[in-house]
Amino acid sequence: MSVTRISNSRADREQKPSIQVRAYSLWKQFSGEDGWLGRRLNDLRMAPTYGWRLMAGWIKAVIVIGVAAAVFFTLYGIGTTVIDTARALPWSTPTGNDHTGLLATIDQPIRSYLATRTQALPITATTAYSTWQAVGVVAFLLGYLHNTPARLAWTAWGAATVAMVWIGTPEPGRQVAAGIAFLAWTALSVLALRGISFTRPVFVDVTVDVPAPEIHLPPVQPSLYKPYDPTQQPPSQN
């Protein structure tokens with residue numbers, strides 16, 4: 001019968017590394033040149049030297065995600081501010097200064113459409129109406145400044161406006177109300193979409209005759225050697 005010896009001597013305990021030593025050793029391996037943290041730090045140090053094309057992929061991913069998050073929160077803050085400002089304006093109540101009735105022909109069907117379609121939604125008809133107005137104003141101003149995404153938004157906004165007027169207007173004045181809304185949107189598009197040209201660009205073919213370069217070769221020098229004659233013998237060396 002064999003008995004396994006369990007050593008609890010002081011020398012055996014001193015030979016085992018302590019927890020602090022093992023933790024320090026793991027940290028050195030983790031943060032060394034070949035460790036995970038060391039390689040990441042090296043990628044950060046070399047990123048300015050490598051440039052965007054050659055830098056590490058994880059750095060590109062972090063930059064793209066950070067920029068996208070910043071743009072999202074910036075647009076969210078701007079949009080919230082614009083909507084709150086639009087709701088504070090006296091636009092959500094009908095005005096009595098419309099003597100021609102053109103504005104009411106467009107405005108009342110939109111109010112009716114939004115009032116009937118937002119009853120089952122968390123958003124109120126007033127907030128939806130203010131958002132519709134704010135999007136139209138922002139898209140118009142940025143489109144006037146030649147902003148391409150804003151011009152696309154202005155086009156979609158105009159199409160949605162005409163559709164709401166068409167649906168919100170009862171018969172038999174539906175066609176007339178939609179036509180007035182379309183003409184109003186077209187008239188404003190003259191400013192919002194200014195500078196857009198649908199003509200094809202004209203390409204002018206310009207042919208420039210470039211004379212061929214003159215190459216000057218040196219004159220051929222006459223050869224100093226005579227052709228070989230087998231009848232003639234070379235002089236004797238003796």
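**Exercise 1. Determine which helix supplies the largest share of the nonpolar patch.**

Solution. The model is a predicted one.
- Step 1: list the members. The patch on the surface is formed by Trp52, Ile63, Val64, Val67, Val71, Leu75 and Ile78, whose accessible area together is about 640 Å².
- Step 2: assign the residues. Helix H4 (residues 57–88) contributes six residues, the largest share; Val67 is one of the residues found in H4.

**Exercise 2. Classify the packing of helix H5 against helix H7 and describe the contact.**

Solution. 
- Step 1: take the geometry. H5 (residues 102–117) and H7 (residues 148–168) have axes 8 Å apart, at an angle of about 80°.
- Step 2: apply the cut-off. Angles of 65 to 115 degrees count as roughly perpendicular, and H5 is therefore roughly perpendicular to H7.
- Step 3: identify the contact. From H5 come Thr105, Ile106, Pro109, Ile110, Ser112, Tyr113, Leu114 and Arg117, and from H7 come Thr161, Met164, Val165, Ile167 and Gly168.
- Step 4: sort by class. The contact has eight nonpolar, four polar and one charged residues.

**Exercise 3. Repeat the analysis for helix H6 and helix H8.**

Solution. 
- Step 1: classify. This angle makes H6 oblique to H8.
- Step 2: identify the contact. Phe140, Gly143 and Tyr144 of H6 meet Leu188, Leu191 and Ala192 of H8.
- Step 3: sort by class. Five residues are nonpolar and one is polar, with no charged residues.

**Exercise 4. State how many salt bridges are counted, and examine the one between Arg40 and Asp43.**

Solution. 
- Step 1: Side chains of opposite charge can pair when their charged atoms come close.
- Step 2: count. With a nitrogen-to-oxygen cut-off of 4 Å, the model has three salt bridges.
- Step 3: examine the pair. The side chains of Arg40 and Asp43 form a salt bridge at 3.6 Å, N to O.
- Step 4: Arg40 and Asp43 are separated by about one helical turn, because they are three residues apart in helix H3 (residues 36–54).

**Exercise 5. Locate the backbone features at Pro172 and His146.**

Solution. 
- Step 1: Most residues other than glycine have a negative phi, and most peptide bonds are trans.
- Step 2: inspect omega. Glu171 and Pro172 are joined by a cis peptide bond, with omega about 5°; Pro172 sits in the loop between H7 and H8.
- Step 3: inspect phi. His146 is not a glycine, yet its phi is positive, about 65°; His146 belongs to the loop between H6 and H7.

Notes. Residues numbered from 1 in each chain as written. Predicted model: local features only at pLDDT ≥ 70, side-chain atom pairs only at ≥ 80, totals over all residues. Heavy atoms only, no water. Axes fitted to C-alpha atoms, helices over the stretch in contact; angles between N-to-C directions. Helix = DSSP H or I, 4+ residues; strand = E, 2+ residues; numbered from the N terminus. Parallel < 35°, antiparallel > 145°, perpendicular 65-115°, else oblique. Contact = heavy atoms within 4.5 Å. Nonpolar A, V, L, I, M, F, W, Y, C, P; charged D, E, K, R; others polar. Patch = residues over 30% accessible without salt bridge, like charges linked within 9 Å, V, L, I, M, F, W, Y side chains within 5 Å. Areas by Shrake-Rupley, 256 points an atom, 1.4 Å probe, with all protein chains shown as cover.
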